[in-house]
Amino acid sequence: MGMRIAPLSDVLGAEIAGIDIARELDAAAFEAVRGAFLRYRVLVFRDQYLGPGDQVAFSARFGPLEEHDNRRYNLPDQPHVMVLSNDLRDGEPVGVPDAGDSWHTDLSFKETPSLCTLLQAVTLPREGGDTAFACMTRAYAALPADIKARIAGRRAIHNPSKLANPRVEISPLRKDAAAFYSGQSARFAEVAHPIVRTHPETGEKSLYVQPRFAIGIEDMDDAEAQPLLDTLFAHQTRAEFVYRHRWRDGDLLMWDNRCLIHYATGGYVYPDIRTMHRTTVLGDRPY
Ligand code: SIN
């Protein structure tokens, strides 16, 4: 039986079954996957158990891969694969223990943020560990006209450091947080991206802010900007924009960072272990 594509919800996501990603997909199969990716924005490939090399090879078909700034958790022999995990070795985390613990889109603090992210389930917890996604194309379309007018042509300021963002908390699991985030502030200048982003492949407009990295609005006083951001943040995660993924063994997910936000919802506690392998594909400058 060939590839089967089935929607997962009314808003986002499709499940792809009947393919083996570790084997080279031919051009026609790859184009079908790409088409589904643009249409459904979150793809779940069931029953894949990709090793790091195969994950890198598949991810690289979508574009150049990024090496994450937090090198400590990149696999030594596959530096494009970052480990997300709450597992410990000699009392030290073996991966980023708090990755994605508030709504965000990947690497929006860079001039050219990630196009897409691929996440392979390695070990799943008995409870919790879901990933939630919210569709920013729908969120933008549903904004009241007066808010659309206020954000038209505006740019939000993105900053990677949790120390610079009163809306997010630093996880107690992250013992290196102060040093890591201070280092990030030194390495990355703040960047400004349009609040309304045009998808470079579909042409659709979406809301391109989220509480993890967007900390202000360019050329707008905080007295006006912060309440406006609060309004956008409250709006963008309304239930009708959200698909929540309950992971199964063998799931490989990929999602389009240009038009959705996501959030690792947690809900598991060591020694219940969640380990994922993450790759990200470089995107273009938002416009
Ligand atoms: C991420 O935000 O990149 C990771 C999401 C997850 O682990 O569910």
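Me: Which ring does the charged end of K148 sit over?

Reply: The ring of Y140, with 4.9 Å to its centre. "Over a ring" is a cut-off call: NZ of Lys or CZ of Arg within 6 Å of the ring centre and within 35 degrees of the ring normal. R61 does this too, its charged end lying over the ring of F30 at 4.4 Å from the centre. Keep in mind that this is a predicted model, where local features need pLDDT of at least 70, side-chain atom pairs count only at pLDDT 80 or more, and totals for chains, interfaces and linings use all residues. Residues are numbered from 1 along each chain as its sequence is written, and side-chain values use heavy atoms, leaving out hydrogens and water.

Me: Which residues form an aromatic cluster with F30?

Reply: In general, you describe a ring pair by the distance of the centres and the angle of the planes. Here F30 clusters with F37, F45, F58 and F62.

Me: What is the strand order in the open sheet of three strands?

Reply: Strands of a sheet pair through backbone hydrogen bonds, parallel or antiparallel. This sheet runs 15-9-17, paired antiparallel (strands are DSSP E runs of at least two residues, numbered from the N terminus; pairing takes at least two DSSP bridges). Strand 15 (242–245) and strand 17 (260–264) are the edges, each pairing on one side only. Strand 9 (residues 131–135) and strand 15 share four bridges, and A132 has R244 as its bridge partner in strand 15.

How values were computed: Rings of Phe, Tyr and Trp (its six-membered ring) pair if their centres lie within 6.5 Å; planes under 30 degrees apart count as stacked, over 60 as edge-to-face and the rest as tilted.
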